[in-house]
Amino acid sequence: ETTDDTAHVDTSSFTISIDAWARSADKKAGAEASKLFNQMKELQAAGDENIKITSDVYISVMHAWLSSNANDAPDRVEELFQELKDNPDVVLDIKTYNTVLSSWSQSGRYGALEEAERVMEQFKNDPNLSPSRFTYHLMIDAYASRGDPKRAERILDEMDEANIVPDAKSYFSIMRAWKQIGSPNAEEQGKALLTRMIQTQDCSISSLETQDSSSTIE
């Protein structure tokens, strides 16, 4: 009696393998994950009902490219992003935007920051989605790590307008940036940011305390 070895290959099987490459930090991770992804696409196109490509699968392949630290990783992630956007069967979500934004914001390549800004604008203009706190933190960290605390602070202002409370990591990233660029006002800037952080956190806590105890906080 023979057994068809391909009978039990499904989306979960492929995803586990792709995730393994994403966690490997191997320089071949992106390429190997893409091979598996292409196999999934071929099987789905052939009508295999056990294969369903979701946004999570795309994100796993993106993470594999990021894990590889390849110089062209942001380009490969961008290609996957554009493919996902053009795929009517896959729903674009916040995690997808954040992954693409992370690939550009953390890249040291020339022009990467401008690409991150482009993705951020697309995200803000998406009628179905809104940037999360983590999204804004990625941009704050991108500016701060490149020695531009002023532009990083503008992101804090955007978060205020969007009624999103920054976390401590965002404030500390900007404080470090002021210090690293050797600003003579670094100490004053740090104190001002600390005061702003405390006030913001206090306001956030107060707003929660005034809500009815039976209400649901999302």
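Trainee: Where is the place of Asn 163?

Mentor: In this predicted model, Asn 163 sits in the loop between helix 8 (149–161) and helix 9 (168–180), helices being DSSP runs (H or I, at least four residues) numbered from the N terminus. Local features need pLDDT of at least 70, side-chain atom pairs count only at pLDDT 80 or more, and totals for chains, interfaces and linings use all residues. Residues are numbered from 1 along each chain as its sequence is written, and side-chain values use heavy atoms, with hydrogens and water left out.

Trainee: Why does Asn 163 count as exposed?

Mentor: Its relative accessibility is 71%, and exposed means over 50% relative accessible area, buried under 20% and partly exposed in between (1.4 Å probe, protein chains only); therefore Asn 163 counts as exposed. Asn 163 also has a positive phi of about 60° although it is not a glycine.

Trainee: What makes the pair of Phe 81 and Tyr 97 edge-to-face?

Mentor: The structure holds three aromatic pairs. In one of them, the ring centres of Phe 81 and Tyr 97 are 5.4 Å apart and the planes stand at 65°. Rings of Phe, Tyr and Trp (its six-membered ring) pair if their centres lie within 6.5 Å; planes over 60 degrees apart count as edge-to-face, under 30 as stacked and the rest as tilted. The pair is therefore edge-to-face.

Trainee: Why is Tyr 97 called buried?

Mentor: Tyr 97 has 3% relative accessibility, so it counts as buried.

Trainee: Why is the pair of Tyr 97 and Phe 123 called stacked?

Mentor: Their ring centres are 4.2 Å apart and their planes at 5°, so the pair is stacked.

How values were computed: Helices (H or I, at least four residues) and strands (E, at least two) are DSSP runs, numbered from the N terminus.
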